[in-house]
Amino acid sequence: MSSFLPLVGFTFRELASQRIYRIVLAALLVVPWLLLIPTSLFMLDIGKVLIDLLFTALHASLLVFLFFMAAPLITRDIEQGSCHIFLTLPMRRSHYLWGRFAGLIAALLPLLLVYIGSSALAIVFAKNLWAGYVAAHAVLSFVGGAGLIVLPYFALTAVLFLIAAAATGLPETMVFLFSVWLLCWSLPPVLGALEQPEVAAKTPTWIGTLLQTVNQLLPDLSSSRISLYLAHGKMLGDAAVVGYCLQHLGYTLLAMMLAVILFKRRDLT
Amino acid sequence: MRLIATGQVVVACLLLAAIAWGRSVSHFPPLIGASETLHWSSSQQLLDRAWAGAVPGIAADAAVLEIFNIYAHRSQHGPNAPWRDQLYFELRRAQAMDPYFKDVYRLTEGLLGYEALRWQDAVNILASSEPWLNSADPLLAASFIAHQYLHNNTLAIRLAKQAIKKPDASQLTIGFAAALIRKQSGCKLALAFLESRLHTLPRQYRQGILFKMQQLRHSKACTEERHRNSYSAE
């Protein structure tokens, strides 16, 4: 445990010292204000459009973090043997992996805080600019939605560790991670569309079953209904929100446990 | 060592149970349900949803921007000009991706109705807002179009009654519905209604309504009604 916290701090500093991190941080500060420009093109549901755009930008920034900061960091560690520096301290492999994971999440938090803060101010500005077209509790809806949208990305980060623990290098990690993300992104809404009787009637049953099975194996990125409801200022059921949070945290822990098991068995020489 | 392994298995089982429970309770109500929203192939719909992924709202926003684009670049006029079909398709797509989006219904009335003259399609889209929106506005517009252009008073009265039930039903809605029910609606009411709709559209999209108002003012029925009113006033 004594080596765990320094590793978290080290990972945080390692990421924060990168130029890309600072660029993303600056971009997250500016982007919400730039999104007011396309928002102004709409007529009635201006607040909803702004929150849609903010949620989309949040997904994009989380992807940038996952693919361009988190994935290279952990893969480089294993591929180039940098992890030996830590493991010879001595540090248990499980502590090393959990420390790196916690460090990545810690490095993600300032980015999120800056983005949420800047977005909240942009929403308040929009509310003053287009009074009556932005819901009174739009800031609250956005902050709550942002918190829920981030959860599946914690699970995806854990999946990244699972992949990296077994992969031979960065290209392999990237290909598998991208495939998992693509499935997580597109499967839940497709399954949602299959709930419609007309679509279900025209789609072969085995495709539906196959998609359901694959979906059960992946973290559910299905924040589509959440983002739609919150953009329109509608309330979410308490039990559904608790279930949503629990399943993503459960998936995160499970994926990390599997990653630790794989990493312990991996030949690092 | 064996104790640790057993502990890990127990924790893994607990996590699996938590995920399964979480999945079973985190069901947010489906957004699709109205059969009217399906107006293109199922594969197209699946593709649209797969592309939009976790942010279906942005796909609806993109469809609305595409509607502005189609309207700005319409070159052909006439009842079968392709832009009218494109407009209808994009409105349906936007509605399917985000049925709560008010701009879709406002553009349906303003562009699909008054510009593309697809009255029946416009009424269908506006009427399908009923389960999604807590607003009388689209239903009132649908009722007006059904009465004024489709000459279907039964449908108009049904839609007006639905509009009255909405929490934001205004005096105009109630008055319009009452006039329809009494079958006393005429030119004055139609012009007042169009006038009220005019100010909710941006200036560049007002030509269609202005043209309809001009047409109505110079119509034979309106002229006769004016004469009748001035005669009775004297």
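**Core, helix packing and chain contact**

The largest nonpolar core has 134 residues. The residues with the most contacts inside this core are A:Ala158, A:Leu160, A:Phe161 and A:Ala259. The model is a predicted one. Helix 7 of chain A (residues 138–166) gives the most to the core, with 18 residues. Leaving aside residues up to four places away in sequence, A:Ala158 touches A:Phe101, A:Thr252, A:Ala255, A:Met256 and A:Ala259.

Two helices of chain A also pack together. The axes of helix 2 (residues 19–34) and helix 6 (residues 93–129) of chain A come within 8 Å and cross at roughly 15 degrees. Angles under 35 degrees count as roughly parallel, so helix 2 of chain A is roughly parallel to helix 6 of chain A. Their crossing is right-handed. Helix 2 of chain A makes the contact through A:Val24, A:Leu25, A:Leu28, A:Leu29, A:Pro32 and A:Trp33. Helix 6 of chain A contributes A:Leu111, A:Val114, A:Tyr115, A:Ser118, A:Ser119 and A:Ala122. By class, this contact has 10 nonpolar, 2 polar and no charged residues.

In chain B, helix 6 (residues 119–127) has buried residues B:Asp121, B:Ala122, B:Val123, B:Ile125, B:Leu126 and B:Ala127. Their cover includes helix 4 (82–97), helix 5, helix 7 (137–148) and helix 8 (153–164) of chain B.

The contact between the chains takes 48 residues from chain A and 40 residues from chain B. On the side of chain B, helix 1 (2–25), helix 2 (42–52), helix 3 (56–72) and helix 5 (102–113) each give two or more residues. Helix 1 of chain B supplies the largest share, 10 residues. This side of chain B has 24 nonpolar, 9 polar and 7 charged residues.

Note on methods: Residues are numbered from 1 along each chain as its sequence is written. Chains are lettered from A and ligands numbered from 1 in the order in which they are written. This is a predicted model: local features need pLDDT of at least 70, side-chain atom pairs count only at pLDDT 80 or more; totals for chains, interfaces and linings use all residues. Two residues are in contact if their C-beta atoms, placed from the backbone, lie within 7 Å. Helices (H or I, at least four residues) and strands (E, at least two) are DSSP runs, numbered from the N terminus. Ala, Val, Leu, Ile, Met, Phe, Trp, Tyr, Cys and Pro count as nonpolar, Asp, Glu, Lys and Arg as charged, and the others, Gly among them, as polar. A nonpolar core is a set of buried Ala, Val, Leu, Ile, Met, Phe, Trp, Tyr and Cys residues joined through C-beta atoms within 7 Å. A residue is buried if 20 or more other C-beta atoms lie within 10 Å of its own, exposed if 12 or fewer, and partly exposed in between; C-beta atoms are placed from the backbone. Axes are lines fitted to C-alpha atoms, for helices over the stretch in contact, and angles run from 0 to 180 degrees between N-to-C directions. Angles under 35 degrees count as roughly parallel, over 145 as roughly antiparallel, 65 to 115 as roughly perpendicular and the rest as oblique. A crossing is left-handed if the near helix is turned anticlockwise from the far one by less than a right angle, and right-handed if clockwise.
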